[in-house]
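Hi there,

Here is the structure I promised to pass on to you. Have a look at it first, and my notes follow below.

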Amino acid sequence: MKKSNAQRDSGMALVVSLMIILLLAVLVHRFTFTSRVQVAAAANLRDQFQAECMALSGLEAAMAVLAMDDTEEVDHLGEPWALFRGSPELSLPETEEGGFLVWIQDENSKINLNRIVGKDGTTTDMFIRRQLDRLLSFFGVPSDMRDSLLDCLEDWIDSDDLQKLNGAEDQYYMSLERPYHAANRPLRTVGELYLVKGWQEVLEVKLESGVKITDLLTVNPTGGRINVNTASALVLQSLSPEIDDSTALQVIALREEAPLAGPQLLPPPFRRGGVSTHIQFSGSLFLIQSQGLFRRAVSNAQMVVARGVQQWKVLARRIE
Ligand SMILES: [Ca+2]
Ligand SMILES: [Ca+2]
């Protein structure tokens, strides 16, 4: 039996209506989805902003704790700045309040990499070179490789383009698959060592204690002296081949009894020529690391501050 025209038309109308409804349903769904994504993105952005504010608050709180330190001639690990951790009780994820975790480190507890090259930009500071050489040996780097790593480090920092015996200048770096220039200036971050020939491997070495070599190095302008009240046993040992691990532990036991204010109580190797002019008993530069947390958002901030006359000076500040 043939369908009448009217029946055919109403069938078509039904199909068209269904298609329109389907199209509308798809559009509404898309619109709702986009709105939901936008709402979630806005919430994430808000949480991230809150986390950043928390990280910045951490820096300010740390500055306040440092400013309370009224013994600038002695800085040790029992002082409030060294023990300050921020507000860990508030830092649990999913809390409305959020919080910040803070670590303050004395940069004079670390070896200053940039000091291996003198202020003139070309000469070698043999004390720092030997100190770095010993530190590398503690991380299991063999002698010939240490020579090469230190030559490459000097070439990277020194202003000239003259390659040392085992070093590397532009000639090497520009021949790489992804070429780049030697910096020919002081390092700006410890992480820059990854660009220096041969260093990547040693940067990834972790001692049993969990310590990495980068934990013991700085590029901040400390002046190069080591604070014996805050330096780790490895950094103390790096000062001289005469300081073995038992001598370093002896110093740590001494300073735990009472902070050291001068060289009088230190074992003899610390009081000899070269070493005595490379140690101090306080910190001049401090690194503040702050982690802000809000719900699931995390933000990291860093600040380097120098102790000046009656006030602290901010040398660098970075938020990630
Ligand atoms: Ca102090
Ligand atoms: Ca150079």
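**What I found**

Let me start with strand S6, residues 285-294: nine of its ten residues are buried, so the rest of the structure largely encloses this strand. Please keep in mind throughout that this is a predicted model.

S6 has a partner in strand S1 (residues 99-106), and the two pair in the antiparallel sense over eight bridges. In that pairing, Phe 100 stands opposite Gly 292 of S6. S6 also pairs with strand S7 (residues 297-307), again in the antiparallel sense, over ten bridges. Here Ile 288 faces Met 303 of S7. S6 and S7 form a hairpin with two residues between the strands, and in it Arg 295 takes a positive phi near 50 degrees.

Val 314 and Met 303 are eleven residues apart along the chain, and their C-alpha atoms are separated by 7.1 Å. If you leave aside neighbours within four places in sequence, the contacts of Val 314 are Met 303 and Val 305. Is Val 314 buried or exposed? It counts as exposed, because it has 12 C-beta neighbours inside 10 Å.

Helix H3 (residues 126-138) has 13 residues and reaches 18 Å from its first C-alpha to its last, close to the 18 Å expected at 1.5 Å a residue. Its buried residues are Ile 128, Gln 131, Leu 132 and Leu 136. They cover an arc of only 135 degrees around the axis, which puts them on the same side of H3. What do these buried residues pack against? Their partners are strand S2 (111-112) and the helices H4 (143-157), H6 (199-203) and H7 (233-238). Just after H3, Gly 140 takes a positive phi of about 80 degrees.

The largest nonpolar core holds 38 residues, of which Ile 116, Leu 153, Val 228, Val 235 and Leu 236 touch the most other members. H3, H4, H7 and helix H8 (245-257) are the elements that give two or more residues to this core. H4 gives the most, with six residues. Leu 236, leaving aside neighbours within four places in sequence, is in contact with Val 228, Ala 231, Ile 243, Ala 248 and Val 251. Apart from this core lies another, of 22 residues, among them Ile 104, Leu 293, Val 298 and Met 303.

Best wishes

Conventions: Residues are numbered from 1 along each chain as its sequence is written. Chains are lettered from A and ligands numbered from 1 in the order in which they are written. This is a predicted model: local features need pLDDT of at least 70, side-chain atom pairs count only at pLDDT 80 or more; totals for chains, interfaces and linings use all residues. A residue is buried if 20 or more other C-beta atoms lie within 10 Å of its own, exposed if 12 or fewer, and partly exposed in between; C-beta atoms are placed from the backbone. Helices (H or I, at least four residues) and strands (E, at least two) are DSSP runs, numbered from the N terminus. Two strands pair if DSSP finds at least two bridges between them. The expected span of a helix is 1.5 Å times one less than its number of residues. The arc is that of the directions from the helix axis to the C-beta atoms. Two residues are in contact if their C-beta atoms, placed from the backbone, lie within 7 Å. A nonpolar core is a set of buried Ala, Val, Leu, Ile, Met, Phe, Trp, Tyr and Cys residues joined through C-beta atoms within 7 Å.
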